[in-house]
Amino acid sequence: MLQRVWALTRKEFIQIRRDKRTLAMMILLPLLWLLVFGYAFSFDVKSVTVAIVDESKNPVGAKIAETLTSYERFEVQTLSDQSEAGIRTAIHRDEIKLGVLIPANLG
């Protein structure tokens with residue numbers, strides 16, 4: 001059984017070596033795909049629009065909001081409606097991508 005598999009494998013390698021186009025496709029196409037897909041797709045997040053609503057009005061909530069605001073990849077936007085409904089509306093309107101609600105009973 002192993003002898004038959006070895007003979008078939010040897011035959012295939014001989015045929016591939018003889019056919020230059022098949023050999024080129026086996027080597028060049030994967031390299032081309034690697035280059036194209038490596039440069040075409042980037043999953044790096046550059047900036048995210050964020051709305052922060054602090055309902056707690058205490059130092060802990062203020063510190064959380066300050067930490068989120070200082071993160072360089074977050075672009076903080078101020079909402080006219082500072083509530084959970086305002087966050088949901090802004091997300092549905094595609095004004096922001098992320099909403100952070102700091103609840104009133106935090107602390």
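This is a predicted model: local features need pLDDT of at least 70, side-chain atom pairs count only at pLDDT 80 or more; totals for chains, interfaces and linings use all residues.
Which residues form a nonpolar patch on the surface?

**View 1. A nonpolar patch lies on the surface.** M25, L29, L32, W33, V36, F37, F41 and F43 make up the patch, and their accessible area together is about 910 Å². Accessible areas come from the Shrake-Rupley method with a 1.4 Å probe. Patch residues have over 30% relative accessible area and no salt bridge, and nonpolar side chains are joined within 5 Å; a salt bridge is a side-chain nitrogen of Lys or Arg within 4 Å of a carboxyl oxygen of Asp or Glu. One member, V36, sits in helix α2 (residues 20-40); helices are DSSP runs (H or I) of at least four residues, strands (E) of at least two.

**View 2. E84 belongs to helix α4 (residues 84-92).** Its side chain meets that of R88 in a polar contact of 2.8 Å (N or O atoms within 3.5 Å, one able to donate a hydrogen and the other to accept it). Beyond four places in sequence, E84 touches E55 and L101, where contact means heavy atoms within 4.5 Å.

**View 3. T49 is found in strand β1 (residues 48-54).** T49 counts as buried because its relative accessible area is 17% (buried is under 20%, exposed over 50%, partly exposed in between). Leaving out neighbours within four places, its contacts include E75, Q77 and E95.

**Notes.** Residues are numbered from 1 along each chain as its sequence is written, and side-chain values use heavy atoms, without hydrogens or water. Local features need pLDDT of at least 70, side-chain atom pairs count only at pLDDT 80 or more, and totals for chains, interfaces and linings use all residues.

Note on methods: Patches are made of residues with over 30% relative accessible area and no salt bridge: like charges are joined within 9 Å, nonpolar side chains (Val, Leu, Ile, Met, Phe, Trp, Tyr) within 5 Å. Buried means under 20% relative accessible area, exposed over 50%, partly exposed in between (1.4 Å probe, protein chains only).
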